Amino acid sequence: TLYFVFCVDSSESELGILDLIQVFVETLDKCFENVCELDLIFHMDKVHHILQEVVIGGMVLETNMNEIVAQVEAQGKLEKAEVSGNAAALPRQRL
């Protein structure tokens with residue numbers, strides 16, 4: 001069992017925060033295929049990237065799980081290409 005704690009102030013909507021936690025956990029589960037504690041420990045950079053796709057500077061940016069997963073996978077491809085030296089061979093994405 002994993003526990004997630006989010007610190008928020010009293011002006012935030014409880015339902016909004018519960019939805020945010022739900023999106024974050026479901027995205028982790030989709031990216032890691034049945035996420036467990038070891039996934040979070042050994043892939044902390046990926047967990048931070050997922051969280052950063054959802055929240056930046058205290059503002060919720062994205063709650064569409066498919067879009068978040070697509071961006072994380074694109075980042076993974078870029079990292080693999082950079083390691084192998086084929087960064088120029090990847091197609092460029094429009095922002």
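Modeller: Helices here are DSSP runs of H or I with at least four residues, numbered from the N terminus. The model is a predicted one.

Biologist: In which helix does F42 lie?

Modeller: A helix needs a run of at least four residues. Residues 37–42 make up such an element, and F42 belongs to it. The helix is α2.

Biologist: Is F42 buried or exposed?

Modeller: Exposed means over 50% relative accessible area. F42 has 62% relative accessibility, so it counts as exposed.

Biologist: Which residues form a nonpolar patch on the surface, and with about how much accessible area together?

Modeller: F42 is one of the members, and L38 and I41 are in the patch with it. Together L38, I41 and F42 have an accessible area of about 350 Å².

Biologist: How many aromatic pairs are there?

Modeller: Rings pair if their centres lie within 6.5 Å. By this rule, the number of aromatic pairs is two.

Biologist: What kind of aromatic pair do F4 and F24 form?

Modeller: Planes over 60 degrees apart count as edge-to-face. For F4 and F24 the angle between the planes is 85°, with the centres 5.7 Å apart. The pair is edge-to-face.

Biologist: Which parts does the pair of F4 and F24 tie together?

Modeller: The two residues are 20 apart in sequence. F4 lies in the segment before α1 (14–32) and F24 in helix α1, so the pair ties that segment to helix α1.

Biologist: Is F24 buried or exposed?

Modeller: The cut-off for buried is under 20% relative accessible area. F24 has 5%, so it is buried.

Biologist: What are the distance and the angle for the aromatic pair of F6 and F24?

Modeller: This pair is edge-to-face. It links F6, in the segment before α1, with F24 in helix α1, 18 residues apart. The values are 6.1 Å centre to centre and 75° between the planes.

Biologist: Which residues form one aromatic cluster?

Modeller: F24 pairs with F4, and F24 also pairs with F6. The cluster is F4, F6 and F24.

Biologist: Which residues does L20 touch, not counting those up to four places away in sequence?

Modeller: L20 lies in helix α1 and is buried, with 7% relative accessibility. Its C-alpha atom is 9.1 Å from that of V55, 35 residues apart along the chain. The residues touched by L20 are F6, V54, V55 and V60.

Biologist: Over which ring does the charged end of K46 sit?

Modeller: A charge over a ring must be within 6 Å of the ring centre. The charged end of K46 is 5.1 Å from the centre of the ring in question, which belongs to F32.

Technical notes: Residues are numbered from 1 along each chain as its sequence is written. This is a predicted model: local features need pLDDT of at least 70, side-chain atom pairs count only at pLDDT 80 or more; totals for chains, interfaces and linings use all residues. Side-chain values use heavy atoms; hydrogens and water are left out. Patches are made of residues with over 30% relative accessible area and no salt bridge: like charges are joined within 9 Å, nonpolar side chains (Val, Leu, Ile, Met, Phe, Trp, Tyr) within 5 Å. Accessible areas come from the Shrake-Rupley method with a 1.4 Å probe; for residues, only the protein chains shown count as cover. A salt bridge is a side-chain nitrogen of Lys or Arg within 4 Å of a carboxyl oxygen of Asp or Glu. Buried means under 20% relative accessible area, exposed over 50%, partly exposed in between (1.4 Å probe, protein chains only). Rings of Phe, Tyr and Trp (its six-membered ring) pair if their centres lie within 6.5 Å; planes under 30 degrees apart count as stacked, over 60 as edge-to-face and the rest as tilted. A charge sits over a ring if NZ of Lys or CZ of Arg is within 6 Å of the ring centre and within 35 degrees of the ring normal. Contact means heavy atoms within 4.5 Å.
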